[in-house]
Structures are given as C-alpha cells and as structure tokens.
Amino acid sequence: MMKMVQRTIGTLGLALLFTLALSLISTTDAEAYSWNRTLSEGSSGADVRELQIRVAGWAADSASQTFVAVDGQFGPGTTAAVKRFQRAYGLSADGIAGPATHAKLNALETSTGTKNFNYSEFHSKDGSGFRNGKVPEATVKENIRRLMYKLEAIRVKAGNKAITINSGFRSVSHNSNVGGASNSQHMYGIAADINISGVSTATAKNYAKTSGFSGMYNESGFVHLDSRAEYSYGSQAWWWE
Ligand SMILES: [Zn+2]
C-alpha cells in the first residue's frame, strides 16, 4: 500500500515537472511555427506556404512587378526570396530554409501579430475590428498577417525605422464614411496606408516596389500599399503610381 502511494506521488511529481517544463518552453516559444523539416527548391506543402508568407516582402532586388506566390510550391521565386531574407538577417544565403532560417522566421512571430506590428493597429477605425468587410473576419485577419510580414521587410529595408499604420482594414461602412473607393482593397484586409518615420513617401514606395506590393500611390504624408494582384477578389491589375 505504502509503495503504491509512493509510486503515485513519484508519478505525480514527474507529471508536475513535465508540465512545468512544457509551460517554460511555451512562454518563450509560444507562437513559434513548427517547422519539421528543411525546405528547399522542389519541396511542397503547408510549411512551404507558410515560408512564402514570411519571405513575401523579399520579392525582388530592384523595383519589379513581381510577388512571391503563396502556393505551397517551393520554386525559383521562393529560393530567391529566401536568399534575400537570409542576407538581410545575417544568415548564409543558400536559399534553403533550415533550422537557422526557421529561427529567424519564428523570431518575427508573436501572439499579437509580428515583431513590430500588432493586429489592433489594422482594425477598422469604426470599432468593427476585422468584421463587416467584403470577406469573412478570419480571412481579413489572415490577409493582415500576410501584410504584416511584407511590412516587416519594408521596415528592415528602411533601416528599422518605425512604420505607422494610418489605415489598415476598413469595414464597408467605415470605408464609405472616409470616402474610400467603392472596391477599396482596405475592405479585404490586403491594404495599408503607411508612414515611415523620417522617410519620404517616394522612398517608402521604392521599398514597396521590391516587397511584392502590386498597388501603391502616395498622398501627402502617407503611402497606400496593397496586394491587389495576388488575390482573386483584389483588383488584379498592377497599379503603381
Ligand atoms: Zn489606402
């Protein structure tokens, strides 16, 4: 009887330690995507798609109307984007996403968005969060997440200067209240009006032109950026002004 009690306590103690260890891991690693394998050209799957989302802001070396296809197929465009990402983050630029690259990619991820951007910065300013747009709330949130990774790249290209989001997602009614276009890309969560601290709008657009943005124009004080060509419900045609 005594032996059984002792054994039970021992098991409980172990379980407790295990739980404690798990909670320690999860506090430091809470939002890390689980990369299970090294990804390289020819790989395909959901993890490749996630990789493409995270390197999407590294679409080109010079102004190019191109974007990293988020299709789960690791092709030459993904390799080139991974190389640019690796170079920018001080890794050896081999275009292969192994543990060191996974770690850098995960360092950009947080429970509230990305390292330098919070979902709340992109909420519709009429209090509807990501609701009442032209696509479901969950779709808007995912689109904003993809947008944030592109903006992380722009931030690095701008020498890590802070980026202010003047307008992110807009509900349909908020969009009409602020005089937005009838098919404004803001209503899908694929657009943002940004301002980079101490950087001209012209320079900001130049960063965007290597970051996979297919729609852009500048107003005094901010630049509108969107990914219209990438989404079936976007305006599709490139629009750089
Ligand atoms: Zn805009």
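Visitor: Where do I start?

Guide: The model is predicted, so local features need pLDDT of at least 70 and side-chain atom pairs count only at pLDDT 80 or more, while totals for chains, interfaces and linings use all residues. Residues are numbered from 1 along each chain as its sequence is written, and side-chain values use heavy atoms, leaving out hydrogens and water.

Visitor: How many helices and strands does the chain have?

Guide: Helices (H or I, at least four residues) and strands (E, at least two) are DSSP runs, numbered from the N terminus. Here the chain has seven helices and eight strands.

Visitor: What share of the residues is buried?

Guide: Buried means under 20% relative accessible area, exposed means over 50%, and partly exposed lies in between (1.4 Å probe, protein chains only). In this chain of 241 residues, 45% are buried.

Visitor: What is a nonpolar core, and which residues have the most contacts inside the largest one?

Guide: A nonpolar core is a set of buried Ala, Val, Leu, Ile, Met, Phe, Trp, Tyr and Cys residues joined through side-chain atoms within 4.5 Å. The largest one has 28 residues, and F122, I144, L151, I194 and L225 have the most contacts inside it. Several elements supply at least two residues each, including α5 (137-157) and β7 (222-226). The most come from α5, which gives six residues.

Visitor: What does I144 touch?

Guide: Contact means heavy atoms within 4.5 Å. Leaving aside residues up to four places away in sequence, I144 touches Y119, F122, F130, F169 and G189.

Visitor: Which residues are the protein donors of the zinc ion?

Guide: Donors are N, O and S atoms within 2.8 Å of the metal (3.2 Å for Na, K and Ca); water is not among the atoms, so sites may look incomplete. For this zinc ion, the protein donors are H186 (NE2), D193 (OD) and H224 (ND1), at 2.0 to 2.1 Å. Along the chain they follow the spacing H-x6-D-x30-H. H186 sits in the loop between α6 (172-177) and β5, and H224 in strand β7, 38 residues apart. Both H186 and H224 are buried.

Visitor: Which way do β6 and β7 run, parallel or antiparallel?

Guide: Two strands pair if DSSP finds at least two bridges between them. Strand β6 (residues 215-219) and β7 are antiparallel, joined by five bridges.

Visitor: How many bridges join β6 to β8?

Guide: Two bridges join β6 to strand β8 (residues 239-240), and these strands run parallel. There, M216 stands opposite W240.
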